[in-house]
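Hi everyone, thanks for having me. Let me put the structure up, and then we can walk through it together.

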Amino acid sequence: MKKKKYADYRTAADIESIQHSFLDNLYFVQARFPQVASKNDAYLALAWSVRDRLLNNWIDTASTYYRQASRSVCYLSAEYLPGPHLRNAMLALDIEPQVRQAMAGLGFDLDEIAAQEPEPGLGNGGLGRLAACYLDSLATLQIPAIGYGIRYEFGIFEQAIRDDRQVELADKWLRDGNPWEVPRPEISFEVGLGGTTEAYTDDNGRYRVRWRPQRLVRGVAYDTPIPGYRVPTVNLLRLWNAQACEAFNLEAFNVGDYERAVDEKIASETISKVLYPNDEPMQGKRLRLEQEYFFCSCTIQDILRLHLQQNDSLDQLPEKFAIQLNDTHPAIAVVELMRLLIDVHEMAWDEAWGLVRRSVSYTNHTLLPEALETWPVELFGELLPRHLEIVYEINHRFLQRVRALCYEDELLARLSLIDERFGRSVRMAHLASVASHRINGVAKLHSRLLQQRVLQEFHTLDPERFTNVTNGVTPRRFLILANPALTELINDTIGDAWTRDLLRLQELEDWADKADFRAAWGEVKLNNKRLLAEKIRNSSGIEVDAESLFDCQVKRFHEYKRQHLNILHVIGRYLALKRGLDEDAPARTWLFAGKAAPGYHFAKLIIELIHAVARTVNADRDVNAKMRIAFLPNFNVSNAERIYPAADLSEQISTAGMEASGTGNMKFTLNGALTIGTLDGANIEIRHRVGKENFFLFGLTESEVATRRASNYFPRDRYLTDPQLRQIIDAVREGRFSPRDEGRFHPLLDMLLNHDHFYVLEDFSAYRASQQQVDRTWRERDKWTRASILNSARCGWFSSDRAIKEYCERIWHVSPVPIRKDSAP
């Protein structure tokens with residue numbers, strides 16, 4: 001091959017340049033040559049080669065932002081779930097065909113190379129995936145933005161199933177290195193913890209406070225490029241790695257105290273080891289608070305650093321940065337920003353608070369009381385003594401304002417940042433609400449309940465601060481990458497303009513009544529089901545029929561998401577078939593996936609029940625032609641990309657009024673799955689847009705749930721009056737699915753029969769009836785396929801691009817900044 005200029009072949013998109021770049025990285029970075037290179041060697045060399053092309057755009061992007069001094073979004077999230085980077089980067093750069101040919105020319109298979117990439121262990125579920133979708137859309141829409149988070153060494157956990165039980169293993173996603181990140185050791189900040197405060201008077205006679213931390217931790221930046229789709233914009237995900245300020249105590253080592261020699265290193269690095277450490281013990285709570293403060297302190301210090309690079313003062317901070325809190329985890333950023341402004345930059349309180357209020361906005365993602373973080377005052381004060389003083393002052397000034405409007409002790413208690421009811425604790429959602437100029441929910445129902453219940457008093461005080469931005473998902477990851485066959489069919493039918501404007505999918509509606517198109521659509525779905533069936537067979541050994549109805553519930557395990565409602569219905573179907581009933585029911589494959597929090601006993605017990613039932617059903621030849629059950633362990637983005645395109649039925653069956661929005665529901669719908677669900681979260685808006693005739697609705701409404709909570713609900717009555725439900729529960733109680741331990745699932749049954757806080761038994765009859773409607777519709781295959789097409793065609797509004805445009809217009813007040821190539825100074 002003819003040698004090209006260095007800069008050309010590291011950034012050009014032709015096949016020869018990509019090969020040169022690949023071999024360069026293989027030779028000079030990894031000291032390998034093709035004949036001995038492993039698949040992982042090839043992956044790393046290719047990843048660096050693709051990253052070179054991203055960094056070329058990144059430099060242009062950063063220099064444009066610097067030159068124009070554009071207002072930027074700072075998105076603070078405790079988790080991100082981006083999925084593998086390689087295929088997404090090639091898609092964004094529009095170089096996948098050239099890369100495939102380049103690798104084939106060197107004797108490598110691109111798909112095998114891409115399969116080597118581990119998923120970044122930076123998130124758990126919907127919150128982290130939403131954050132990743134939003135970063136994708138911010139770059140695609142050319143909005144200046146930086147995502148901030150923590151560089152977790154081991155992520156959440158890798159899920160394995162042993163003896164039907166979830167087992168948590170370390171997620172060693174960084175074991176072989178991460179070629180996508182750029183370490184920035186020169187961008188680091190000291191973060192204090194513990195210690196004491198002392199008051200003093202400065203030279204101007206003003207009251208000041210000095211914090212003397214007990215220990216210091218250093219936060220070091222690691223940057224990951226986030227490309228926009230088919231635009232030159234490449235934004236930034238900046239993650240903080242915790243390190244010791246003094247990693248090695250030589251004095252202790254020299255006297256033989258080897259453990260003390262590395263104590264500080266171990267204690268410091270623990271902060272960024274694991275996402276969401278179990279916070280049941282007090283040590284876990286302490287670590288969670290340390291994590292959140294560490295991340296927020298580094299982030300706020302970095303924002304101020306960036307601002308002062310081009311500005312002499314912080315007076316214009318809100319005009320340059322919009323700080324978005326993604327749920328309550330980053331709420332401590334409010335207090336850290338105040339501390340830095342008043343203690344370090346010596347601003348007056350009112351001036352500093354004005355900057356905070358104009359800069360910060362808050363997205364609430366939950367209606368569950370236990371998810372609205374609170375911290376014991378004693379722990380908060382011990383770890384962050386200066387911040388507790390600032391919280392008290394914020395609270396004092398806020399409640400003074402409330403008293404001026406309405407002096408009512410009960411109202412003051414409900415609004416206070418300090419909860420006095422069950423031992424004193426700091427309410428982080430209250431803190432975020434007091435400090436933010438905008439507060440939004442993530443679906444219409446969620447926002448209404450936020451305003452009427454969770455933050456009702458705050459809404460009464462300042463209703464204009466509240467708004468709604470319904471969540472969205474990126475079509476790049478969850479249709480173009482996940483479902484290439486469907487993407488090709490859509491492109492051949494209506495062109496590819498929909499890839500940049502998802503609302504253009506509605507053009508498919510004209511094709512839903514065309515028999516040839518329905519046949520082609522059905523063939524794509526069947527082939528996707530065959531691919532998923534192969535994955536299920538390889539992972540679990542279970543053979544499933546791709547011609548059967550694929551009924552999928554994949555999400556984090558929680559009682560309110562009601563995976564146990566699903567499995568109880570499956571048991572009912574099994575028992576009926578064993579009695580010779582429902583023999584005309586169509587064949588189904590039930591697929592479950594998702595993780596339970598390590599300390600959540602009942603969620604883990606539901607996983608056990610699913611596996612126990614699956615083992616019995618899958619081994620029973622009497623029913624195998626009609627039903628199979630599979631559980632795909634370690635649910636992640638890669639697994640999701642297999643499941644969403646193959647699903648026929650999407651289970652969105654949470655208790656009404658409990659799910660904030662959901663995004664899995666949107667991903668299934670985008671790929672043509674029909675939904676069975678309650679009027680909860682974004683289900684309501686999905687049903688409205690796809691048409692009620694294309695959605696299987698059941699269950700109590702949110703207001704009906706509220707009415708029952710206020711009255712006497714006796715779930716055992718449902719057991720006594722519904723013969724099929726009674727047979728199902730009795731079968732579980734009598735050990736039909738756990739013959740060696742009949743009492744194994746009694747705690748779960750006792751919870752349902754005596755409490756049923758999430759109305760599983762109450763909704764069972766309606767759920768069963770709705771599932772019967774599913775059977776009837778599935779038998780009319782043309783009708784089902786037409787509904788599948790319309791679900792996809794009418795899903796365009798649920799793009800994360802639309803959601804980000806709403807944030808830009810209503811909350812952040814930022815505009816696109818087109819990037820000019822080769823604009824570096």
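So, which helix does Asp-24 lie in? Asp-24 lies in helix α2, residues 15–28. Quick word on names: helices (H or I, at least four residues) and strands (E, at least two) are DSSP runs, numbered from the N terminus.

Before I go on, this is a predicted model: local features need pLDDT of at least 70, side-chain atom pairs count only at pLDDT 80 or more, and totals for chains, interfaces and linings use all residues. Residues are numbered from 1 along each chain as its sequence is written, and side-chain values use heavy atoms, with hydrogens and water left out.

Back to Asp-24. Is Asp-24 buried or exposed? Asp-24 counts as buried because its relative accessibility is 10%; buried means under 20% relative accessible area, exposed over 50%, partly exposed in between, with a 1.4 Å probe and protein chains only.

Now the strands. Have a look at β2, residues 145–150: six of its six residues are buried. Who are the partners of β2? Two strands pair if DSSP finds at least two bridges between them. β1 (residues 72–76) runs parallel to β2, with four bridges joining them, and Tyr-75 has Gly-147 as its bridge partner. β9 (residues 234–244) is parallel to β2 too, through five bridges, and here Ile-146 is partnered by Leu-236.

β3 (residues 158–162) and β4 (residues 165–169) are antiparallel, with five bridges. Glu-158 stands opposite Leu-169. The two strands make a hairpin with two residues between them, and Asp-163 in that turn has a positive phi of about 55 degrees.

How many cavities of 30 Å³ or more turn up in the whole structure? Four. A cavity here is a set of points on a 1 Å grid over the protein atoms alone, where a 1.4 Å probe fits but cannot get out; lining residues have an atom within 4 Å of a point. The largest cavity holds about 200 Å³, a volume being the space filled by probe spheres set on the points, which are joined across faces, edges and corners. Its lining has 17 residues, and Pro-82, His-85, Asn-88, Ala-132 and Ile-226 lie nearest the centre. α7 gives the most, four residues.

Conventions
1 Å grid on protein atoms, 1.4 Å probe; cavity = no way out; pocket = protein on both sides within 12 Å on 5 of 7 lines; lining within 4 Å.
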